[in-house]
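Please read this briefing with the sequence and the model side by side.

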Number of protein chains: 2
Amino acid sequence: MSRIVDTSSSPHAKLDSVPLSDVTVDDGFWAPKVKVNRRRSLPHQWSECVRTGRIDNFRVAAGRKAGEITKHLAPDSDVAKWIEAAAYDLNAEPESPVAAELDEVIGLIAAAQDRCGYLDTSFQLQPERWWTNLDHGHELYCGGHLIQAAVACRRATGDDRLLGVVRRWADYVGGIFGPGGRPGTGGHPEVEMALVELYRETGDRSYLELCSFFVEERGNTPPVLNGSPYLQDHLPIREQITPTGHAVRQLYLCSGVTDLYAETGDTSLLAAMEKMWESFTTRRMYVTGGAGARYEGEAFGVDYELPNRTAYSESCAAIASAQWNWRMLLVTGDARYADAMERALYNTVLASVSLDGRTYFYTNPLEHDGGDALAGNRGSNRRTSKHWDHVPCCPPNVARTIASVGGLVYGRTDSALYVHLYVGSSARVETGGTAVEVTQKTDYPWDGRVEVTVSPEKKARFALMLRIPGWARSARVKVNGRKAGARPVPGSYLKIARTWAPGDRVVLDMPMPVERLVSHPRVSSNAGCAALQRGPIVYCIESADHGRADLFGLALPEKADPEAEFRPRLLGGVVVVTAGGFSRPAVPGLFAVRKKAGGRSKKVKLTAVPYFAWANRRPGAMRVWVPTA
Amino acid sequence: MSRIVDTSSSPHAKLDSVPLSDVTVDDGFWAPKVKVNRRRSLPHQWSECVRTGRIDNFRVAAGRKAGEITKHLAPDSDVAKWIEAAAYDLNAEPESPVAAELDEVIGLIAAAQDRCGYLDTSFQLQPERWWTNLDHGHELYCGGHLIQAAVACRRATGDDRLLGVVRRWADYVGGIFGPGGRPGTGGHPEVEMALVELYRETGDRSYLELCSFFVEERGNTPPVLNGSPYLQDHLPIREQITPTGHAVRQLYLCSGVTDLYAETGDTSLLAAMEKMWESFTTRRMYVTGGAGARYEGEAFGVDYELPNRTAYSESCAAIASAQWNWRMLLVTGDARYADAMERALYNTVLASVSLDGRTYFYTNPLEHDGGDALAGNRGSNRRTSKHWDHVPCCPPNVARTIASVGGLVYGRTDSALYVHLYVGSSARVETGGTAVEVTQKTDYPWDGRVEVTVSPEKKARFALMLRIPGWARSARVKVNGRKAGARPVPGSYLKIARTWAPGDRVVLDMPMPVERLVSHPRVSSNAGCAALQRGPIVYCIESADHGRADLFGLALPEKADPEAEFRPRLLGGVVVVTAGGFSRPAVPGLFAVRKKAGGRSKKVKLTAVPYFAWANRRPGAMRVWVPTA
């Protein structure tokens with residue numbers, strides 16, 4: 001029963017999720033990506049883990065191999081995320097190409113664990129260094145990832161070897177930290193959400209209490225992490241209402257706090273999270289769903305500081321946003337969180353991996369000048385697999401996210417069936433006192449028409465909750481060919497409550513015009529520019545589609561009338577947007593007096609491709625925000 | 001004979017400068033600033049040096065006081081720059097308010113010097129640490145500043161006590177480094193230009209050779225500074241043709257290399273400097289003359305990476321640009337360097353100090369959202385004097401620059417008298433075989449009319465070279481009421497060669513329309529925006545002039561017809577620019593579909609003030625680049 005966050009017994013969650021194993025994704029968009037993830041990414045990531053010593057580290061720690069631990073930053077977490085990804089993938093396709101590796105590594109991890117319960121290969125053989133650097137040592141972070149991996153394995157296959165390991169670890173950690181033990185919390189949040197899931201999986205409340213302890217330690221006097229805003233230790237958790245410091249840390253922390261709320265119902269925590277989310281999405285989030293404006297500290301900037309070229313927008317931060325939004329959706333049932341999750345998933349998260357599944361972006365700028373990183377550019381326009389030699393936090397994070405997507409499509413309560421994401425798929429969901437077979441047929445995200453078939457085993461009364469995305473301003477819905485009662489409201493769930501019979505057919509039609517977005521004027525980096533979006537997909541223009549034109553000379557006039565067109569052979573099959581644009585006259589030098597800027601504008605046909613698919617052709621320049629004059 | 005860079009005997013310099021002591025500045029613009037610098041800044045900076053232990057450090061190092069050296073980064077350099085500033089100031093006004101302090105500190109420095117010649121209070125008492133950290137130890141940097149201070153003292157008053165100290169230091173350093181000694185060069189360039197001046201002042205060629213050695217060490221194999229681009233050690237000096245790494249380091253290095261060329265005539269050095277300058281001014285310089293786009297590393301970004309809000313643009317980097325451009329002007333006689341120097345001086349350098357001369361900006365953003373630094377903003381909109389507790393490199397650097405301005409106004413050769421800057425002043429200049437009294441009457445930079453009176457002691461033939469700034473596209477000139485022969489060409493010197501008689505009067509009239517600048521399209525941070533410039537002054541809009549309007553909602557339409565108006569009581573007396581603008585409708589949320597952005601534009605009168613004068617009223621928002629729609 002591999003749920004992606006299991007709120008099925010959480011007293012303060014509005015929604016339950018549907019186990020990955022009960023969902024089959026068979027569409028033209030995600031299914032191929034899940035397949036590439038399985039066949040290419042997972043084996044490649046394993047071999048990189050082996051090549052870079054991350055697997056041998058467990059052998060050395062276990063005394064099964066001579067030599068030294070290979071030094072990396074939090075190497076065990078990379079392996080743990082890979083295990084989690086492989087475990088999710090088993091739900092969709094039991095014939096895993098990495099089944100033997102998965103089995104082997106679990107054994108190695110178990111062997112590496114210290115008798116006391118300690119487990120972290122970076123420090124394993126030097127007990128004097130244990131817990132000496134909570135700020136940057138990543139021990140609780142690695143342990144958290146191992147818990148998530150263990151829970152995923154247990155839920156996927158019932159294999160609870162790793163769960164035993166992490167219970168021993170968590171019991172040991174609970175004996176060190178906590179009310180009776182030493183103060184402290186993890187410099188990189190992660191263990192919080194892991195401990196809540198461990199509690200859910202085992203029923204052992206001490207894990208939830210340990211999570212609560214770690215959350216409440218923040219902002220204490222004396223401080224446990226130097227009071228650092230970078231590490232979210234600057235304020236007590238309920239006063240942290242603005243995304244601050246390291247973006248991944250911030251959003252992982254939010255995920256853990258939201259999980260904690262789901263179990264405890266402490267509304268002051270939820271209130272803080274709601275304010276944090278408001279601040280994030282209305283002042284500090286990229287249109288691509290990316291988070292973290294600054295390279296320095298991989299951190300959030302101030303309000304409206306959203307530079308395009310030097311955007312940090314780490315892949316892991318977009319994943320973290322998706323994770324947090326998923327949890328906010330589960331606890332509140334509010335569609336705005338699904339909108340934000342979709343924005344992160346379909347744009348930045350997917351952009352971070354190449355179409356062939358082997359190379360990755362660590363940062364995701366919204367503009368690139370076309371030069372390579374050696375030229376001193378901050379974000380690269382070439383994905384790479386070299387992260388494995390340094391900090392490959394993103395690749396296995398992307399892998400586990402893609403492998404989990406089937407688990408994000410549907411939701412349930414005892415009286416409602418939720419469709420969160422529009423993905424061609426079928427699923428078995430228990431609601432209204434019966435098992436319901438639900439299927440979607442759709443070409444989403446390229447087309448807004450979705451056919452949902454609802455087949456309860458027996459006639460049953462429940463509500464079908466269809467998400468109406470915020471962009472879908474003229475959605476229409478029919479049930480068995482007849483107009484449904486309620487009016488679809490963008491940014492909410494459309495409730496269709498009725499007695500459902502096998503084969504009932506719902507057609508949701510969401511026209512997908514190309515939309516031209518403008519920014520709040522305080523986002524000065526987007527002044528005079530527009531971005532194109534169609535459905536959930538944010539577009540960009542790339543050099544590859546514009547011959548020899550300087551991409552920075554191109555403009556999209558106010559009156560351009562963009563058109564959408566599906567190109568099956570382009571970039572794995574995508575809808576491109578074309579529009580009548582123009583090439584602006586050159587400016588002599590760096591600055592010039594307006595009247596001298598002269599020369600004539602030339603008409604140019606602009607072709608925009610989905611942002612997530614950029615940098616899969618010849619390297620060049622790219623822009624999401626395009627000048628309008 | 002206090003020249004600001006003495007090229008009077010340099011075989012490969014085209015121009016000689018005119019000693020500060022031969023120039024009297026008596027205008028309404030600079031003279032008050034020089035006075036504030038003398039009466040407010042110099043005493044205040046001295047007391048800060050005392051308060052923060054920088055003066056006591058010399059006492060402790062000399063064994064005259066018990067206690068420990070107060071730790072700062074390169075603290076001796078701050079004192080040295082202050083000495084240089086105080087020495088320059090003596091040329092203009094012998095009754096210095098800090099004469100006693102100047103005398104005292106020179107004695108302290110002499111007492112602190114080690115018998116071997118070593119001198120740097122940070123390491124003085126720990127000989128085992130001497131020269132162990134060339135990258136970041138700043139020993140050569142501090143020594144270089146002491147040399148410049150010593151040369152300035154000698155030139156100002158003939159006091160050569162400090163010159164003796166720095167000669168002993170330089171002789172000692174020359175025995176350690178060099179062809180027969182150890183490899184290495186300074187991580188922070190500065191000693192290079194200092195050593196050339198020491199050579200000029202003493203005639204001892206070994207100082208020039210040591211400078212050459214330090215310059216040629218860069219980019220060697222094996223590297224002396226880890227091959228670091230940040231430290232300009234990534235390439236041999238002749239291959240360094242793009243501004244790279246730490247902006248102040250880069251531009252100080254350029255100054256030293258240019259000085260070296262002036263003496264050696266190695267044209268390969270000049271060629272590299274010319275390419276470097278082209279790259280700097282056409283791709284990596286702010287319209288305010290600022291340098292250094294990035295906070296991380298206080299460094300240059302890539303081409304066209306010139307963000308406004310997160311601009312680093314350190315005050316010292318603009319000063320460094322002015323210094324380098326001054327040297328390029330001296331060696332080439334090319335007016336474009338005077339243009340660039342003027343841009344840096346009249347905009348970023350002056351912006352870095354408050355009108356009252358006591359508080360400073362370290363960074364000079366081109367846009368500010370109005371929040372304070374505690375909110376996490378990068379650049380502040382409040383100047384401060386707190387730098388003294390950390391790294392106060394900028395305040396005394398600004399002080400020595402302002403104190404030196406009289407020395408930048410005029411130039412000479414044996415057959416020509418140059419007017420580089422238009423500043424109400426009088427000077428005595430030797431040319432055409434006679435002494436010439438030259439005066440300027442002008443309200444520059446507020447007005448482009450300049451009356452130059454040329455009074456040779458006896459009739460003499462020489463050329464008057466009047467700089468026609470790049471912005472002056474319709475300049476006219478009359479000599480004794482008659483049109484002069486040659487046509488003024490923007491960005492060049494207008495040569496008026498004739499036999500001059502006492503009282504000859506030249507009137508240069510440069511109309512100063514308000515100009516609307518646009519950026520090269522690759523400067524995407526300025527897309528859809530214009531900047532206002534009038535004469536050499538770059539303007540900005542500030543909250544203080546716009547009531548409750550959100551500064552980020554204001555726009556300057558293409559058809560606005562800006563007007564200029566002198567306001568004697570505003571900000572010490574400045575020309576403001578007003579224009580009919582409008583307030584754009586708000587955008588709901590962070591991004592919105594264009595058609596929804598609706599609402600009505602409202603007419604607003606825009607008032608722009610000189611950038612250099614921003615942040616002298618109530619703290620608020622500021623923008624140099626203003627949206628046009």
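In strand 21 of chain B, F582(B) of the neighbouring strand finds its bridge partner in K603(B). The model is a predicted one, in which local features need pLDDT of at least 70 and side-chain atom pairs count only at pLDDT 80 or more, while totals for chains, interfaces and linings use all residues. Residues are numbered from 1 along each chain as its sequence is written, and chains are lettered from A and ligands numbered from 1 in the order in which they are written. Helices (H or I, at least four residues) and strands (E, at least two) are DSSP runs numbered from the N terminus, and two strands are said to pair if DSSP finds at least two bridges between them.

- Strand 19 of chain B and strand 21 (residues 602-610) of chain B are paired in the antiparallel sense over 7 bridges.
- Strand 18 (residues 563-567) of chain B also pairs with strand 19 of chain B, in the antiparallel sense and over 5 bridges, and here E565(B) stands opposite V576(B).
- The hairpin of strand 18 and strand 19 of chain B has 6 residues between the strands, and L571(B) takes a positive phi near 50° in it.
- Strand 17 (residues 554-555) of chain B pairs with strand 19 (residues 574-583) of chain B over 2 bridges in the antiparallel sense, with A555(B) opposite F582(B).

**Relation of the two chains**

- Copies are superposed by least squares on the C-alpha atoms of residues with pLDDT of at least 70 in both, and in this way chain A can be laid on chain B with an RMSD of 0.0 Å by a turn of 180° and a shift of 0.1 Å along the axis.
- That relation is the one a two-fold axis gives.
- The same surface serves both copies, since 100% of the contact residues of chain A recur in chain B, where contact means that the C-beta atoms of two residues, placed from the backbone, lie within 7 Å.
- Among the residues of chain A, G528(A) comes closest to the rotation axis, its C-alpha lying at 2.2 Å.

**The contact between chain A and chain B**

- Chain A brings 48 residues to the contact and chain B brings 48 residues.
- On the side of chain A that touches chain B, the elements giving two or more residues are helix 10 (267-283), strand 14 (514-519), strand 15 (529-534) and strand 20 (591-593) of chain A.
- Strand 14 of chain A gives the most to this side, with 5 residues.
- By class, this side of chain A has 22 nonpolar, 15 polar and 11 charged residues, where Ala, Val, Leu, Ile, Met, Phe, Trp, Tyr, Cys and Pro count as nonpolar, Asp, Glu, Lys and Arg as charged, and the others, Gly among them, as polar.
- Strand pairing also crosses between the chains, as strand 14 of chain A and strand 20 (residues 591-593) of chain B pair in the antiparallel sense over 3 bridges, and the bridge partner of V518(A) is A592(B).

**Strand 15 of chain A**

- Strand 15 of chain A is mostly covered, with 6 of its 6 residues buried, a residue being buried if 20 or more other C-beta atoms lie within 10 Å of its own, exposed if 12 or fewer and partly exposed in between, with C-beta atoms placed from the backbone.
- Both faces of strand 15 are covered, by the count that C529(A), A531(A) and Q533(A) on one side and A530(A), L532(A) and R534(A) on the other are all buried.
- Strand 14 and strand 15 of chain A pair in the antiparallel sense over 4 bridges, and V514(A) stands opposite R534(A).
- Strand 15 of chain A is joined antiparallel by 2 bridges to strand 23 (residues 626-627) of chain A, where P627(A) is the bridge partner of C529(A).
- Strand 15 and strand 16 of chain A form a hairpin with 2 residues between them, and G535(A) in the turn has a positive phi of about 60°.

**Helix 1 of chain B**

- Helix 1 of chain B bends by about 35° at N37(B), the bend being the angle between axes fitted to the seven residues ending there and the seven starting there.
- The buried residues of helix 1, including W30(B), N37(B) and W46(B), pack against strand 2 (23-25), helix 2 (54-62), helix 3 (75-92), helix 4 (99-112) and helix 13 (394-403) of chain B.
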